[in-house]
Amino acid sequence: MIGALMVAYGPNALREAGYALDALGRHMPGLLVAVVSDRPVMGAKWIHMEQRDRGARWAKLNLDLLSPFEDTLYLDADTRIHGDLSAGFGILADGWDMALATSDRQAGELCWQCAEDERNATRAETGTEPLGLQAGVMFVRKSERTAALFAAWRAEWERWQGQDQAALLRALYTVPVRLWLLGRDWNGGKLVEHRFGMARAA
């Protein structure tokens, strides 16, 4: 079973999720959708979870446990899709564990939104200059491999409890999966618009 999952806490995120659900309905009619929140969201299956952190990243990092779907399209609440995203599910069906886009900020701007000590630790612990990834749009197939990755991602996030991108890079270094890199149109481009920051609490 395939479907989309969002996380929405607070009035701004709930408002943005409503717009995102409308866009999903127009471009992917019939796709099942679930929203993780502390209150029901009209037009989606409600998955109840109290908010643990201000950025609601803990809920996102429990996607593997919370999603009712075998293949999940995760979307940040402040995204708007402008076309059919079914190709992402096709990528999972071809045997890939996950698919997500690269960040447009690399090298010196890698994980720019994370704390400096976390960025430094990420480079030191991976022994590389990692490829920055965007986790606001992801396709994930449930499996032992992705379960292990998400467990590692949660553990890495717990160290700083801030943003989630650097924690993902460290988790992927220790628990690699078959990862398909999507083009930039899939997150912040023509196919998936990303209204960065619009879902945050005021």
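1. Which side chain meets E125 in a salt bridge? R159 does, at 2.7 Å, N to O. This is a predicted model, and the points below should be read as such. R159 sits in helix α6 (residues 144-160) and E125 in helix α5, so the pair ties together parts 34 residues apart in sequence.

2. R159 counts as partly exposed, at 40% relative accessibility. E125 is also partly exposed, at 37%. Their bridge belongs to a network: salt bridges that share partners join E118, E125, E156, R159 and R170.

3. E118 lies in helix α5 (residues 116-126). Its relative accessible area is 3%; since buried means under 20%, E118 is buried. Beyond its neighbours within four places in sequence, E118 is in contact with W160, A166, A167 and R170.

4. The whole structure holds 15 salt bridges. One of them joins the side chains of R195 and E16, at 3.1 Å, N to O. R195 is in the segment after β9 (192-194), while E16 is in helix α1 (residues 10-27), so this bridge ties together parts 179 residues apart in sequence.

5. E16 is buried, at 0% relative accessibility. R195 is partly exposed, with a relative accessible area of 28%.

6. A further salt bridge links the side chains of E129 and R123, at 3.1 Å, N to O. E129 is partly exposed, with a relative accessible area of 45%.

Notes: Residues are numbered from 1 along each chain as its sequence is written. This is a predicted model: local features need pLDDT of at least 70, side-chain atom pairs count only at pLDDT 80 or more; totals for chains, interfaces and linings use all residues. Side-chain values use heavy atoms; hydrogens and water are left out. Helices (H or I, at least four residues) and strands (E, at least two) are DSSP runs, numbered from the N terminus. Buried means under 20% relative accessible area, exposed over 50%, partly exposed in between (1.4 Å probe, protein chains only). Contact means heavy atoms within 4.5 Å. A salt bridge is a side-chain nitrogen of Lys or Arg within 4 Å of a carboxyl oxygen of Asp or Glu.
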